[in-house]
Amino acid sequence: MTETSNQRAGFAAIIGAPNAGKSTLVNRLTGTKVSIVTQKVQTTRFPVRGIAIYGDAQIVLVDTPGIFTPRRRLDRAMVASAWGGADDADVVVHLIDAASHIAAEGRDGTPADRRSAEDTETIIASLKAAEKKVILALNKIDGMRRDTLLALSQRLFDSGVYNEVYMISALSGDGVDDLGQRLAAAMPEGPWLYPEDQSADVPMRVLAAEITREKVYLRVHEELPYSAAVETTAFTDMPDGAARIEQTIYVERESQRPIVLGKGGQTLKWIGQKSREELTELLDRKVHLFLTVKVDPKWQDSKALYAQFGLDYDV
C-alpha cells in the first residue's frame, strides 16, 4: 500500500486469563495462523505479534501470554512479558471467557473455571492499581442467553476499569469485525510499521519451534504435563531452495521421553510429519525437518530458550 496521509498504525494488546481465547482472536483478526492454539492452557509463551489491516489502519496485535498467579521462574517471565506488552500498547483489550466466568459463579463451575475467574479478578485489580481504562471483550458467547451476558458485563463494568464492552465469539467470528474496526479507530496516525503482505512479526525459527510444540501437545496432551519445550537448533537454506530445520524437543524426565517417541518412534514421526506439512505451507517451499528428543530436568532454567522467545530470564 502506498503511504497516504490517512494511514494509521499502532499496537493493540490482548490480555486475559489462560484459555480465554486470545490466540484464537488474534488468528481471527489477522486472517492467518500466527499464534498456536491447543487444548493446553498457557500455550502462548511470548508475545506473538499478528498484523491486521482494517482500511487505512494497520493494527499490530500483541498476543500476550495468559496472566495468572506465577509459581515458577518460567511463569514469572511469562506474566512479566504479558504486562509489558499491555504497557507498551496504544489500546488494550481484556478478553474474558464469558461461559467459564458464569460457570465459576455457580455450582456447575469446574476448578479450571474458578481458577480462570480468580485470574480475571487479579487482572482487574492490577488494572485498577495502574488506573488503566481498557476495552472489555466477552468471548465464547455462543449459545448464551442475552440477559445473562448483559448482567455479567454490568457486574464487570462496575469495577471501573472498562470504558466499553464487546460481545464476541473468536471461534465463529461473531462480533469480531466490530472489535477490529474499534481497534483500527484507536490507532495513532502515521505510516504503517510493516509491509502490507506481512502477517506476523516472529522470527521464523521461533515460529517453527512453536508449530512443532503445538503438534507435541495435540498428540500427547493427556500424558505429558506442561513440561515440554522445542528449540530450533539449525535453520539452513539449501541450494535447491528447500529449508533444512533441526529441532530439539526437551522433556523434564526420562519417563517422558518414550511418551514423545511413541511405540517404534511412531508418535515422533506423526509430530514431525504434521509439523513439516504446516511449515511447508507457511514457508511455501520444501522443508526437511529433523527432530531429536532430549531429557533436560532444567530446561525451564535455560537462558537460551528464554532468549529465543524474547522472555526476561531474570524477572
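Let's start with helix H6, residues 176-186, where Val176, Leu179, Gly180, Leu183 and Ala184 are buried, meaning under 20% relative accessible area with a 1.4 Å probe, counting protein chains only. They span an arc of only 140° around the axis, so they sit on the same side of H6; that arc is taken from the directions from the helix axis to the C-beta atoms. Why does that spacing work? An α-helix has 3.6 residues a turn, so residues three or four places apart point the same way.

A quick word on ground rules. This is a predicted model, where local features need pLDDT of at least 70, side-chain atom pairs count only at pLDDT 80 or more, and totals for chains, interfaces and linings use all residues. Residues are numbered from 1 along each chain as its sequence is written, and side-chain values use heavy atoms, leaving out hydrogens and water. Helices (H or I, at least four residues) and strands (E, at least two) are DSSP runs, numbered from the N terminus.

Now find strand S5, residues 134-139: six of its six residues are buried, so the rest of the structure largely encloses S5. S5 pairs in the parallel sense with strand S4 (residues 91-97) over five bridges, and pairing takes at least two DSSP bridges. Ile96 has Leu138 in S5 as its bridge partner.

Finally, confidence: pLDDT runs from 0 to 100 for each residue, and the protein averages 79. Helix H2 (residues 73-87) is lowest, with a mean of 56, while H6 is highest, at 95.

Notes:
Buried < 20%, exposed > 50% of the residue type's maximum accessible area, 1.4 Å probe, protein only. pLDDT = per-residue confidence, 0-100.
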